[in-house]
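Please walk me through this model, one selection at a time. I have it open in a viewer and would like to know what to pick next and what I will find there.

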Amino acid sequence: RQRGPALPAAVGALCRALPPRARPAPDTLRRARFDRPQASLDFWKLLYVLLKQIHGGKWTESDAIGAQVRFVKWALWYQGYGRPQLQRLPADGSAGSRELLLAFSWLLHCPGLLEQLLARNRVQTGDQTSVCTCEDDLPESQEGTSEAGAEGRVDVRYLQWLHGRLRLQWCSLHAQHQEQCKLLHKIHLFTSGSHMDQNLGHFSVTEADLIRHPENYKQLLQLLESETTQLEAFLEWKQLEAVYWQWMETVLDDMAEEGNMCESQDADVEKRRLPEVTSCCPWAAKLAGQMDRLSRDLLALQEQLHQLVAQRKAAWWEKVR
Amino acid sequence: RPSPKELEELELLNRALEKALKVRKSILENPLEAQRARGQKWAAGKISSKGVTSKQGRSHRTAAGASAREVSAAAEPQETPGLSESAPNEQQSFSGGDSAAVKNSTVAGKQLLDAGKKSCGFLGESSKKEDAAGARGRSTSPGTGTLQEKGCQLKLPLPYRKVYSRNSRAWERCRLCQTSADAAAARTRFMERIQTTVSFPSRHRLTPSPAEIEEELRGLQDVLFHLRKYMEAEPADPPTLQGEYESLLTLEGLQSTVSQCLQKLQLLQEDCPGDVGSCSPACVPARGQTCDSADMLAVPLLCYSSLQELRDLFALKLQVSMLHQEIALQKVMMAELLPVLEARPWQEGSAGLFRAIHSQLCEGGRRFPVLVRDELLD
């Protein structure tokens with residue numbers, strides 16, 4: 001159970017393998033192990049940024065600590081982290097670094113987490129497009145439009161006009177996309193065979209511009225370099241991972257000794273289904289609504305099939321008689 | 001009657017158009033810009049004309065004046081120093097000659113004239129450059145020649161190549177990297193301990209996390225979608241007896257699947273967590289997660305084999321996005337407009353309103369039904 005020389009290396013590698021803006025100092029983790037309050041704010045921030053990245057949400061440097069704390073608590077709960085002590089941590093982020101360290105390690109257990117973060121933040125040098133057909137997150141604005149008239153009424157013709165304008169935008173977007181395709185294709189076609197990466201074969205728009213104006217792309221090169229450093233840290237981390245988990249077990253040992261153990265075995269009985277609680281959270285309400293709708297649709301389909309099958313069966317027996 | 005906002009937007013549109021017109025004019029008036037514009041036009045002409053050689057370029061010299069607009073000249077101006085050098089010379093030769101005519105001519109006329117003169121000067125120069133090219137080697141110099149000619153011989157600058165190669169090798173190593181057995185074992189031990197000793201109540205019975213619940217729900221919704229399609233795909237009247245039997249079996253299969261789904265949904269509803277804890281107003285569903293594939297570090301290459309494919313890809317993506325938006329709009333419109341139909345008693349002038357609502361809800365705002373008053377003759 002001794003620390004050994006590998007631990008600082010492991011912690012350091014882990015920190016360097018995290019994305020640039022979610023990169024803690026190794027000291028933060030060490031302080032958190034001893035539940036030092038100074039490390040709490042940094043840890044909240046770390047978890048906030050990581051979870052925002054996982055959830056695809058937006059965040060800014062200036063997001064208040066209260067909002068960070070709320071979001072982290074929710075996101076961890078959403079992922080299935082059931083430890084109530086976390087939920088009870090103060091909302092000003094002043095304490096709980098050890099709890100947060102625990103939660104952080106729990107997040108890490110998910111094997112693909114670091115890889116997922118690496119892939120998401122990958123430096124783009126090529127021409128990209130996604131083939132994901134998932135619904136875009138359309139803003140669910142409950143606020144009425146600002147165009148409401150004096151009595152809060154809107155002329156339906158205004159609606160028609162807006163709709164027409166929207167269609168016009170779509171058309172011009174389409175035209176621009178097509179133009180972009182044409183130009184992309186030209187660059188790809190004319191530079192094919194020139195790229196040193198055989199898999200790609202041709203240049204991207206960025207690379208073609210890089211040839212003409214290399215001085216504009218110093219930052220790109222820097223980004224690529226630091227990404228390479230990050231990847232090498234990841235590889236180092238993979239070598240030393242076991243040391244980290246053993247260290248985390250000592251944290252659990254400490255907590256067990258301090259009596260921070262399983263609080264209530266019967267807590268889960270309470271935590272079971274409380275369908276009337278849906279009003280307190282928009283997420284839960286939305287989920288409940290979706291489930292209800294699905295249930296109705298399934299029942300309707302079941303009814304339809306039932307009738308259809310009955311019909312067909314009757315017809316079948318007629319024929320076969 | 002247009003609202004003030006609409007008027008404002010029309011105003012903005014007008015101004016934007018005017019600005020665009022001004023910009024065009026100023027480009028044509030500014031000789032250097034005009035040369036660039038011409039150069040681009042020439043480049044464009046070149047790309048479509050397929051492999052014009054320097055010999056052809058020379059022969060175009062005489063025709064350049066007349067056809068400067070269409071442009072099949074082989075010159076390549078932009079980045080080369082020759083451009084800035086020849087321009088002042090050109091101007092001087094102009095002012096020597098029929099400057100009055102030049103000044104008085106229309107913008108278009110000036111361009112033609114410039115183009116004519118220009119092509120003479122440039123063709124010679126660039127063809128000279130082309131001849132000397134072999135000796136000099138053109139690995140890194142841009143601009144002498146179009147992308148089409150030189151594209152396959154271009155090389156990325158060395159610093160970039162180095163950094164890029166190191167980067168791709170690192171990615172490859174990461175992709176191939178496996179978790180060591182010790183690490184996996186240590187991790188599992190930690191997870192077990194944290195779950196059993198340090199109060200993770202809900203995990204005792206392996207209830208799914210909210211994220212997993214959402215995932216399951218999405219899966220069920222997908223299944224419903226496919227079941228419906230299969231049901232509709234079954235022929236209404238199969239021709240053969242065998243076909244009818246098979247169809248019947250399929251439908252019964254669908255029935256049992258629906259029952260299973262209903263059961264799963266019920267379990268899921270039970271698993272739905274009652275205690276939502278501290279709910280954040282910024283609840284963001286983890287949509288992105290479901291899209292990630294197993295091999296996250298592989299190079300995501302999307303290959304296309306023709307321009308048409310690329311265009312289709314973009315067009316279809318846009319179409320999907322548009323359809324999503326239309327669906328969302330439809331939902332909102334139904335919520336807003338249907339109550340209007342139900343609520344009021346039918347007034348005399350409502351026909352127009354009904355028509356508008358019908359058009360929005362049922363025709364996507366694209367078509368307007370014709371309302372005909374049916375005059376019954378008593």
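Start by selecting residues 284-311 of chain A: this stretch is 100% helix and 0% strand, and its end C-alpha atoms lie 40 Å apart. An unreviewed UniProt entry places the feature "coiled-coil region" at residues 284-311 of chain A. Keep in mind throughout the tour that you are looking at a predicted model.

**Chain B as a whole**

Now colour chain B by secondary structure. You will find 14 helices and 0 strands, in the order α-α-α-α-α-α-α-α-α-α-α-α-α-α along the sequence. Of the 378 residues in chain B, 31% are buried. If you take the contacts in chain B between residues at least 6 apart in sequence, 65% of them join residues at least 24 apart.

**Between the chains**

Show both chains together. How many residues of chain B are in contact with chain A? The contact involves 137 residues of chain B and 133 residues of chain A. About 13,200 Å² is buried between the two chains, and carbon and sulfur atoms give 67% of that area. Next, select B:Y160, B:W171 and B:F190: these supply 5% of the area that chain B buries against chain A, more than any other three residues.

The charged end of A:R122 sits over the ring of B:W171, 3.9 Å from the ring centre. For another view of this kind, go to A:K52, whose charged end sits over the ring of A:F71 at 4.3 Å from its centre.

**The aromatic cluster**

Over all chains, the structure holds 12 aromatic pairs. Select A:W237 and A:Y244 to see one: the ring centres are 5.3 Å apart and the planes meet at 75°, so this pair is edge-to-face. Are these two residues buried or exposed? A:W237 has 2% relative accessibility and counts as buried, and A:Y244 is buried too, with a relative accessible area of 0%.

A:W247 counts as buried, at 6% relative accessibility.

Now widen the selection to A:W237, A:Y244, A:W245, A:W247 and B:F190, which ring pairs link into a cluster.

**Last stop: helix α14 of chain B**

Select residues 350-362 of chain B. This is helix α14, with 13 residues and a reach of 17 Å from its first C-alpha to its last, close to the 18 Å expected at 1.5 Å a residue. Show the side chains of B:S350, B:A356, B:I357, B:S359, B:Q360 and B:L361, which are buried. What covers the buried residues of α14(B)? The cover includes α8 (156-190) of chain A, together with α13 (307-343) of chain B. Finally, click on B:G364, which follows α14(B) and has a positive phi, near 60°.

Terms used
Residues are numbered from 1 along each chain as its sequence is written. Chains are lettered from A and ligands numbered from 1 in the order in which they are written. This is a predicted model: local features need pLDDT of at least 70, side-chain atom pairs count only at pLDDT 80 or more; totals for chains, interfaces and linings use all residues. Side-chain values use heavy atoms; hydrogens and water are left out. Helices (H or I, at least four residues) and strands (E, at least two) are DSSP runs, numbered from the N terminus. The expected span of a helix is 1.5 Å times one less than its number of residues. Buried means under 20% relative accessible area, exposed over 50%, partly exposed in between (1.4 Å probe, protein chains only). Contact means heavy atoms within 4.5 Å. Rings of Phe, Tyr and Trp (its six-membered ring) pair if their centres lie within 6.5 Å; planes under 30 degrees apart count as stacked, over 60 as edge-to-face and the rest as tilted. A charge sits over a ring if NZ of Lys or CZ of Arg is within 6 Å of the ring centre and within 35 degrees of the ring normal. UniProt positions are given in the numbering used here, feature names are shortened, and annotations may be inferred rather than shown by experiment. Buried area is the accessible area (1.4 Å probe) that two parts lose on being put together, summed over both.
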